[in-house]
Amino acid sequence: MLTSDYEPNRIEFVKETTIGFISRLRNTKVGILTFSGKAHVRLKPTDDMAEVESVLRKIDFETPAGTAIGDAIVVSETLFDESERNQSIILITDGRSNIGRNISDVLLAINETNTTIYPIGIGSKVETETTIPPEMARVNATVAKFPNLDEHMLSLIANETRGEYFIIDDEESLKKAFESGLDYTTVRSEQEKTIGSYSASCCS
């Protein structure tokens, strides 16, 4: 997320795009979880979108280094109310899982729930290299080379949880991915007459 192919960087771009869609949600609770080498719950599911926006704006780079996607999924799942049938996780990452729980083991457990996962991979199509900003030099940040997305893993997560995955390489494609996920979940919510829940996850 340190890469500057989006202004000023990927994490700020994802934050602003996410905030732009918050106002579209109805009858939905949103929770926020961030992850690097460890998963961090930033906000439990709430229908207070002002609070959601406030928490999103405070998200920044974090430690330890790494991409613990399995841990992020497990912790996100714990945020859901078991009475809610429409449970979705929008998983946003620009890396590949390299620490924490095994993805295959996590998916076996998730399959026993009603949770659907929409993985969004944000990255370049060509190999590039980024440097670490001075303010991150002492917090165990790692230099990334791209493409480093594990598309097979994203596809597996989506297929095993009845979701859909997206590979993002520009602003327009990220917006379309959000639109697809939101529209699909809205239809399910209307059909089932239930309150949906999101756990939005960002990688730093």
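A: The protein chain has six helices and eight strands. This is a predicted model. Along the sequence, the elements run α-β-β-α-α-β-α-β-β-β-α-β-α-β. The chain has 204 residues, and 52% of them count as buried. It exposes about 10000 Å², with 46% of that supplied by carbon and sulfur atoms.

Now the helix pair. Two packed helices are described by the angle between their axes and the distance between the axes. Helix H1 covers residues 10-22, and helix H2 covers residues 49-58. They pack at an angle of about 175°, and their axes lie 10 Å apart. Angles over 145 degrees count as roughly antiparallel, so H1 is roughly antiparallel to H2.

Which residues make the contact? On the H1 side they are Lys15, Glu16, Thr18, Ile19 and Ile22. On the H2 side they are Met49, Val52, Glu53, Leu56 and Arg57. By class, the contact has five nonpolar, four charged and one polar residue. The spacing of such positions follows a general rule. An α-helix has 3.6 residues a turn, so residues three or four places apart point the same way.

Next, helix H3, residues 69-78. H3 is mostly covered, with seven of its ten residues buried. The buried residues are Ile69, Gly70, Asp71, Ala72, Ile73, Ser76 and Glu77. Serine 76 counts as buried because its relative accessibility is 0%, and the cut-off for buried is under 20%. A polar atom of the serine 76 side chain lies 2.7 Å from the backbone oxygen of alanine 72. Alanine 72 is itself among the buried residues of H3.

Arginine 162 is found in the loop between helix H5 (151-160) and strand S7 (166-168). Its phi is positive, about 65°, although arginine 162 is not a glycine. Is arginine 162 buried or partly exposed? Its relative accessibility is 44%, so arginine 162 counts as partly exposed.

To recap: H1 and H2 pack at about 175°, H3 is mostly covered, and arginine 162 has a positive phi.

Note on methods:
Residues are numbered from 1 along each chain as its sequence is written. This is a predicted model: local features need pLDDT of at least 70, side-chain atom pairs count only at pLDDT 80 or more; totals for chains, interfaces and linings use all residues. Side-chain values use heavy atoms; hydrogens and water are left out. Axes are lines fitted to C-alpha atoms, for helices over the stretch in contact, and angles run from 0 to 180 degrees between N-to-C directions. Helices (H or I, at least four residues) and strands (E, at least two) are DSSP runs, numbered from the N terminus. Angles under 35 degrees count as roughly parallel, over 145 as roughly antiparallel, 65 to 115 as roughly perpendicular and the rest as oblique. Contact means heavy atoms within 4.5 Å. Ala, Val, Leu, Ile, Met, Phe, Trp, Tyr, Cys and Pro count as nonpolar, Asp, Glu, Lys and Arg as charged, and the others, Gly among them, as polar. Buried means under 20% relative accessible area, exposed over 50%, partly exposed in between (1.4 Å probe, protein chains only). Accessible areas come from the Shrake-Rupley method with a 1.4 Å probe; for residues, only the protein chains shown count as cover. A polar contact is a pair of N or O atoms within 3.5 Å; within protein, one must be able to donate a hydrogen and the other to accept it, and residues adjacent in sequence count only if both atoms are side-chain atoms.
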